[in-house]
Amino acid sequence: MKMVQRKATAKRGAEPAKGRASANDAAPRDRRRERGEASVQRIIDATIELIAEEGLASVTMQRIAEHVGSSNALVVFHFRSKENLFRAVLRYLSDQYDQLWVTLVRAPGQSPVERLLGAVACAQSFARRHPKWVSVFVAFSSDRKSMQIYNEIGLPSDLAYTAEARELLVEISRSGGYVGVDIDTLSESLNYLVHGAWYWDHLNPTGRDTDVLRKTMLLLLHQAFPRHFDLMG
């Protein structure tokens, strides 16, 4: 009887191990996931390179595969279609800008003036660090077909940044006792400056490293709030 009991106990003890993944089983799955994620990122990076250098029209799944050194089947496996890939590219770039915005504009303990200066720095720093990313943004927002994707993915974020900057302008105006400041025009003007500068840098890369964007934005802010913004800031 005891022998039968021991056999039954041993059998019951072995059953969970049969259905449970061990650490050794989990490791290959993690490595496969990491390889898949790395493959996706390489394809996105290659697509960014091609769009920045040649525009949207010449980009095909086959050309992307050749650029990344993989098969066309792998690109299709990850993204299914060029439109899906373009969406992934735009989401990636939008996420990168959002991360920089959060770091510079939403850091805890900053005053409205410091946050607005962070927004100025964000626009200029992003363009200087990643000129190809800016070129891709310009390409998406300039092409009729891809503009639909941009309006879906990129435009809501742009509008949100403008609205956030506007609230900072309202707070500075209120707390500083300023009267007669046209907040709507000022916030839209700052937005126009950023997009205009990015477009011009795309057309004229040699002027990308100038300080014109920051100085012009500070000039507008100084005119509206002279006690809060220094032209030399």
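The stops below go from the whole chain to helix pairs, then to charged side chains, a loop and a surface patch.

**Before you start**

This is a predicted model, in which local features need pLDDT of at least 70 and side-chain atom pairs count only at pLDDT 80 or more, while totals for chains, interfaces and linings use all residues. Residues are numbered from 1 along each chain as its sequence is written, and side-chain values use heavy atoms, with hydrogens and water left out.

**Stop 1: the whole chain**

Show the protein chain as a cartoon. You will find 11 helices and 0 strands. Here helices (H or I, at least four residues) and strands (E, at least two) are DSSP runs, numbered from the N terminus. Read from the N terminus, the elements go α-α-α-α-α-α-α-α-α-α-α.

How much of the chain is buried? Of its 233 residues, 35% are buried. Buried means under 20% relative accessible area, exposed means over 50%, and partly exposed is in between (1.4 Å probe, protein chains only).

**Stop 2**

Select residues 82-105, helix α5, together with residues 155-176, helix α9. They pack at an angle of about 15 degrees, and their axes are 13 Å apart. That makes α5 roughly parallel to α9. Axes are lines fitted to C-alpha atoms, for helices over the stretch in contact, and angles run from 0 to 180 degrees between N-to-C directions. Angles under 35 degrees count as roughly parallel, over 145 as roughly antiparallel, 65 to 115 as roughly perpendicular and the rest as oblique.

Which hand does the crossing of α5 and α9 have? It is left-handed. A crossing gets that name if the near helix is turned anticlockwise from the far one by less than a right angle, and is right-handed if clockwise.

Now select helix α6 (residues 112-129) and helix α11 (residues 212-224). Their packing angle is about 155 degrees, with 9 Å between the axes, so α6 and α11 are roughly antiparallel to each other. The crossing of α6 and α11 is right-handed.

**Stop 3: salt bridges**

Turn on the side chains. The whole structure has 14 salt bridges, each being a side-chain nitrogen of Lys or Arg within 4 Å of a carboxyl oxygen of Asp or Glu.

Zoom in on glutamate 171 and arginine 174, whose side chains meet in a salt bridge (2.6 Å, N to O). They sit 3 residues apart in helix α9, so about one helical turn separates them. Glutamate 171 is partly exposed, at 28% relative accessible area, whereas arginine 174 counts as exposed at 57%. Elsewhere, salt bridges that share partners join Asp30, Arg33 and Glu37 into one network.

Aspartate 30 forms a salt bridge with arginine 33, and their closest N and O atoms are 3.1 Å apart. Arginine 33 also pairs with glutamate 37, at 3.7 Å between the closest N and O atoms. These two are 4 residues apart in α2, which means about one helical turn between them.

Aspartate 30 is partly exposed at 34% relative accessibility. Arginine 33 is partly exposed at 44%, and glutamate 37 is partly exposed at 48%.

**Stop 4: an arginine in a loop**

Select arginine 80, in the loop between α4 (72-79) and α5. What is its phi? Arginine 80 has a positive phi of about 70 degrees although it is not a glycine. This residue is exposed, with a relative accessible area of 58%.

**Stop 5: a nonpolar patch**

Finish by selecting Tyr199, Trp200 and Leu203, which make a nonpolar surface patch of about 350 Å². Patches are made of residues with over 30% relative accessible area and no salt bridge: like charges are joined within 9 Å, nonpolar side chains (Val, Leu, Ile, Met, Phe, Trp, Tyr) within 5 Å. The accessible areas come from the Shrake-Rupley method with a 1.4 Å probe, and for residues only the protein chains shown count as cover.

Tyrosine 199 belongs to helix α10 (residues 183-203). Tyrosine 199 is partly exposed, with a relative accessible area of 41%.
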